[in-house]
Amino acid sequence: MNRTSNNPLADDLVRPLFHTSVWFYGSVTVLASIVLCGAAAWGYQLWYGIGVAGINWPVFWGFYLTNFVFWIGISHAGTLISAILRLVNARWRRPVTRCAEVITVFALMIGAMFPVIHLGRPWLAFWLAPYPSAREIWPNFRSPLAWDFFAINTYLTGSLLFLLLPMIPDFALVRDRSTGLRKRIYGLLALGWQGTTKQWHRLEAGMQIMAIAIIPVAVSVHTIVSFDFSMATVPMWHSTIFGPYFVAGAIFSGIAALIIAMAALRRLLHLEAYLHPVHFENLGKLLLLMSLLWGYFVFAERLTVWYGNEHSEMAVFWATQRGEYAPLYWTMVICNFVIPLPILALRQLRTVAGTVVASFAVLIGMWLERFLIVVPSLARKPLSYTWGEYTPQPVEIILMVATFAAMILLYMLFSKFVPIISIWEMKVGNQPHPPVVTETEDELAGLWKARP
Amino acid sequence: MTPMDRRRFLKVTAITGTSAALASCGHPENQIIRFVPEEELTPGIAVWKPSVCPLCSAGCGVIARVMDGDAEVFRNGQPGVTRMGLARKLEGDPAHAVSQGRLCVRGQAALQVTYHPDRLTTPLKRTGERGSGAFQEVSWDEAIGELVSRIDALVGGGQAGAIAFLGRPRRGRRQALVAEFLRALGAPAPVSFALFDDGVARHANELSFGRYQLPTLDLARARYVMGFGADFLGTWNSPVAQNVAYGRMRQGQPGVRAKFVQVEPRVSQTGASADEWVAIRPGTEGIVALGLAHVIMREGLRPAAAAGRAGGLVDGWASGLPAFTPQEVEQRTGVKAARLERLAREFAAHGPSVAVIGGAALAHANGVVQALAVNALNALVGSVDAPGGIAFTPTEAPPARPARSLRDLLGASPQLLLLDDANPVFATPAAARVAEALRSIPFIASFGCFVDETSALADLILPDHSFLESWTESSPESGAMEAVSVTAPPAMRPLYATRAMPDVLLEVSRRLSRPLDPPLPWQTFEELLQAPPAAAPAAPTRPASAAPVGWADAQFDGDAATYPFHLLPYASQALLDGSLAHLPWLQELPDPMTTAMWSSWVEINPHTAGQLGIAQGDMVEVSSAHGAVRAPAVISPGIGPDAVAMPVGQGHETFTRYASGRGANPIRVLAPVEEPATGTLAWSATRVKLAKVSGPDGSLVLFAGATRERPDHHGRG
Amino acid sequence: MAHRWGMVVDLDRCTGCEACVTACHAENNIPTVGAAEAARGRAMHWIRVERYWEGEFPEARLTFRPVLCQQCDNAPCEAVCPTYASHQTDEGLNAQVYNRCIGTRYCANACMYNVRFFNFFHPQWEKPLQLQLNPDVSLRESGVMEKCTFCVQRIRAAKLEARAEARELVDGALQPACAQACPAGALVFGDLNDPESRVARLSESPRGTRLLEEYGAEPKITYLQRQGWHEPDIQ
């Protein structure tokens, strides 16, 4: 067994688990404080009632549902991309997959919190679960919210398995390098991994099954999230395009989140040797593709509504196109299309910094997109007497900021306890320093093969 | 000491028993004293008890749904809890000829008068400065003793004439008792005051028809209705009865759908239901009416003789009103000559037709002649005392022409004022200086249930029961074709240590050191009500004036150059004249036209607003030569570019937690212009200027989003 | 045969007086939320009188339209509720089970009429305004959706009474608070399954339309449109 300390690759990648800087503790404190503020905000809301949020008649859904859709969208980065890359056996995926899968799990956890936070009586959220109650009442399976419950839980379970399976050999590696309590904990997590051929075979088989299974689940999850909207006959919600539109948007924002996360890891954990510009370039190309796809969906959606000229839909259309939501709408278009397109299309700009800039723009744009789906339609329902408006309140903003802090915090803590880059997969690749130029062509070919 | 009867014994034992049980808990402030129930109730079973809605003068009979419940009450000066019958809902009394089982929005909210959190529960004596609102609780014995000593002092000093009584316009035996009390005391007759008191309409009806009374509209059988500024479906006269009749007029006559035309400068809630709105210049309603009469006579659609006395009162009637040709009318009112001719032909041809004038149209210095013109028009088409026309309810006690006005009262420098639920400080222009005059009265005793701007000046408050706790009576002057008279016992027991005002007067009369001459023969108001009513007064018909009245143009305060806009205040659908601003249900009721809640506003024509750079919700200042008020703007296509309108009702300084310090009161800036024949305030006769003060300050609370069903592309409604 | 409760709103009779609005508040214990909350869009009116302006001065016109829960046969609010808080009774009422509501507010979004109202906070009745409460109607707590019930408490009471007296319900004797108050008689309530009832006959009127009928929710409220005036022939 050659998992000794003179293995430079394992040394590099395990180092964050054993060495912690002051900066880390400082950041964790700050982030944890913000998360605690969020918890306090939620406590405040529980105590006084959901009315402390800005939702009202008729805009019954606001920031919380926006954040819900946004975070579920972010969750698509990981598992879906990683699964696709695994299936097409893209070798450049190896340092990327785990960063990505972790995003999925944490974003899902955060996203799934929002529907509960948003409930009028969150302490009764368990009524969404089918359990044998004394009154023999089951959830209403006609309700898209019940579908959500199952879809998100399935996706979360699947993503967790998908994340945990390839972590087993790395847990074993950490176990073998540590002593005391830590050794016992990682020993438990390693599930008795000894690296036998049989175990490797089973792991590979499990990974393969999960990679195949998780793709339809991921696609269905965001489709079902889109059904929360498109199943209701609300102007500009009731659209057949919403399923693929949401999935595309989810992958779009997911890749952006992944790029930002990778750039941060690369910088903070000094993983320049493993997260090479080629990864950013490749992900940048994917992001470009998604940006174009997103633009296409928006164009198709807007054009059909405008051409259809149905008066209640037109009210929403104009409110976003040139009414009170127009500033947000055009910011979204700029962030999702105008900024990323040149950056990602021009090879010279498709650098680490360039893709990160584009990704930040995309995250802002995609958040706005979610907001612009949720709010303007409710503010412009068919009876114009009931038109309304929505102003977010401090509690909603604090909770939103807190979830971003929570995401970063969870990510930081994760990178402290688990090697954020899959060590064994890197070893299997047997190339600690992936070649830059030659592999690109292979990867592209792999990608094209992945096309349906 | 009160003698210890069985009931009191039981109460005392209950009190001490509970106290003893609770004293051991160690929190004396948490003691709950539970009184023995005073009535037998079946839990959960509703009993319906009749009463009369007191909120306006229509006198609708109501029934109250009484169910048992635990209430915090005052009994024998002691707070505690008892199980008692509580009114839970009001409905129109199906047996009452005016309300006919229906009730208006204000009547529905009348329930909250009784349960208002700021209702006065015990007598109060002023401790601080006048108007500071500092009062201390006193016992009834002390309060009545104080009032008696004040009256004694004046009567003993030969100054009984300096005792004055100011109340709301009421009729019936409560008012008769007050009059009797004052007469026996040697004091002048009681004075009633209300902002929208319809004195002009009654006066004109007396001239035209010999009836000092508001008309009853037989809309149910009318086929053509011409309204002249009368908000008869909202706030004017007898709205419930008129709405019932209106519904029948619209869809209750098989095969016929009547036409309704409303002539007014601003679309009222009533005008909104009209088939045709005729926009005119303020104060020119009578000209339109006379123009219609001119056309009808000129074209021989009806013989002029049919107008009888009512027509003869209008100068030039006999010669066919030569001064009111359609062209002339067009010039003076803004109504196109051809349209006037068409309306005249329709009005004459599709009878029974009826014209209605009231409210804002009569709130001008020329109010009487405006009303006379419409009365003459009604007479011309034969719609007086005819099916589908106007009629006068044959009431036993028609309204009496007031002997004195508020101005007379204040002018006589009274030494003691008895105040019964009137609020002239709120409802008179600041320029009339009523508050100042009231402050100079040495002693004011108020019977109101709430502290408002006027009763805040009182030295002594002797709070009355709410209407549900009182004997109520109604003999409406209008709203029914037959005489209606209702006397109803209290629907529930009093919650607090309040007393019925008539009973207080009777007790005062007994305790005076010099007995009244003749003494009042009743011990209680209930006894009075059960006594056979006095002989019905003589037939109400009085000889009508014979001298023709010439047309007079409406006069406006403020010159048109400085003050380019007419200010048109109007009775708020919810808050009426402001006396209902304390009821939260009505505060949160979206105004039917603007959907505003909890707000004041200024209605401005879009063109005017555009010129002045005013947008919806912007704060604007409305200034007359007599003052200024600020309120948010509501852009409305239902008002002409030469006028602005404001609802009356908000702008209370002191009137419970729900109304105090909310909105603006347009009455305060009005010019004290009076209609000369009746002395009532001409509240539509003030010109104002308009200026934007700032952007929206959030005080305009609208329920609705858009104002149009299909707003334009910019989302503008 | 089961009842099927429905209503006819005669827009030609409605004068926008809003007696129905306060009657509903009084009957159904609907809280007032106060000026600050009303300004934030939290006012609750199970029935409202919508008004729309048409045209410009001096040809401007205003129309009133009372809107309450349309008690749809094919109600969009029911399908989306994950806990069956919103469901159809066998008498065709869209019932809202307050105790079952967890406050997703999805029903309110799905309802194109926006007639569902949400308790953003615990309703307050400043003492002693709680004495006005109708004991027959349960109070709703914070976080719960509420809406017009066609005064189901009155329907139940009337049915109990009829059963106790061993008779059928009398058409017109049973009315929700809004219809009972309505002075102009614009609101007519009754059993659509009784062909002789006033509501059944009126809902067949040629003036009858349904609000937002194109959405296919099959509302049980029929709006009788305003009728124009046409000069009759004079004999």
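Buried means under 20% relative accessible area, exposed means over 50%, and partly exposed lies in between (1.4 Å probe, protein chains only). This is a predicted model, in which local features need pLDDT of at least 70, side-chain atom pairs count only at pLDDT 80 or more, and totals for chains, interfaces and linings use all residues. Residues are numbered from 1 along each chain as its sequence is written, chains are lettered from A and ligands numbered from 1 in the order in which they are written, and side-chain values use heavy atoms, leaving out hydrogens and water.

**View 1. Chain A has 18 helices and zero strands.** Helices (H or I, at least four residues) and strands (E, at least two) are DSSP runs, numbered from the N terminus. The radius of gyration of chain A is 23 Å, close to the 22 Å of the globule rule for 452 residues, so chain A is as compact as a globular protein of that length. That radius is taken over C-alpha atoms, and the rule is 2.2 Å times the number of residues to the power 0.38. The C-alpha trace spans about 75 × 55 × 40 Å along its principal axes. Of the 452 residues, 59% count as buried. Chain A exposes about 18,600 Å², with 70% supplied by carbon and sulfur atoms. Accessible areas come from the Shrake-Rupley method with a 1.4 Å probe; for residues, only the protein chains shown count as cover.

**View 2. Chain B has 21 helices and 26 strands.** Its radius of gyration is 27 Å, in agreement with the value near 27 Å for a compact globule of 717 residues. Along the principal axes, the C-alpha trace of chain B spans about 85 × 65 × 55 Å. Buried residues make up 61% of the chain. The accessible surface of chain B is about 24,900 Å², and 53% of it belongs to carbon and sulfur atoms.

**View 3. Helix 17 of chain B, residues 501–511, is mostly covered.** Eight of its eleven residues are buried. Among them are Met501(B), Pro502(B), Leu505(B) and Glu507(B). The buried residues pack against helix 4 (140–156), helix 5 (173–185) and helix 18 (525–530), and also against strand 6 (163–167) and strand 14 (416–420), of chain B. Contact means heavy atoms within 4.5 Å.

**View 4. Chain C meets chain B through 69 residues from chain C and 82 from chain B.** The area buried between them is about 6,100 Å², and carbon and sulfur atoms give 55% of it. In chain C, Trp53(C), Leu131(C) and Trp229(C) lose the most area to chain B, together 14% of what that side buries. Buried area is the accessible area (1.4 Å probe) that two parts lose on being put together, summed over both.

**View 5. Chain A meets chain C through 49 residues from chain A and 46 from chain C.** The two chains bury about 3,900 Å² between them, 55% of it on carbon and sulfur atoms. In chain A, Phe60(A), Arg121(A) and Tyr385(A) lose the most area to chain C, together 19% of what that side buries.

**View 6. Glu218(C) sits in the loop between strand 9 (208–209) and strand 10 (221–224) of chain C.** Glu218(C) is partly exposed, with a relative accessible area of 43%. Leaving aside neighbours within four places in sequence, Glu218(C) is in contact with Cys72(C), Asp73(C) and Asn74(C). Leu11(C) is 207 residues from Glu218(C) in sequence and 19 Å from it in space, C-alpha to C-alpha.
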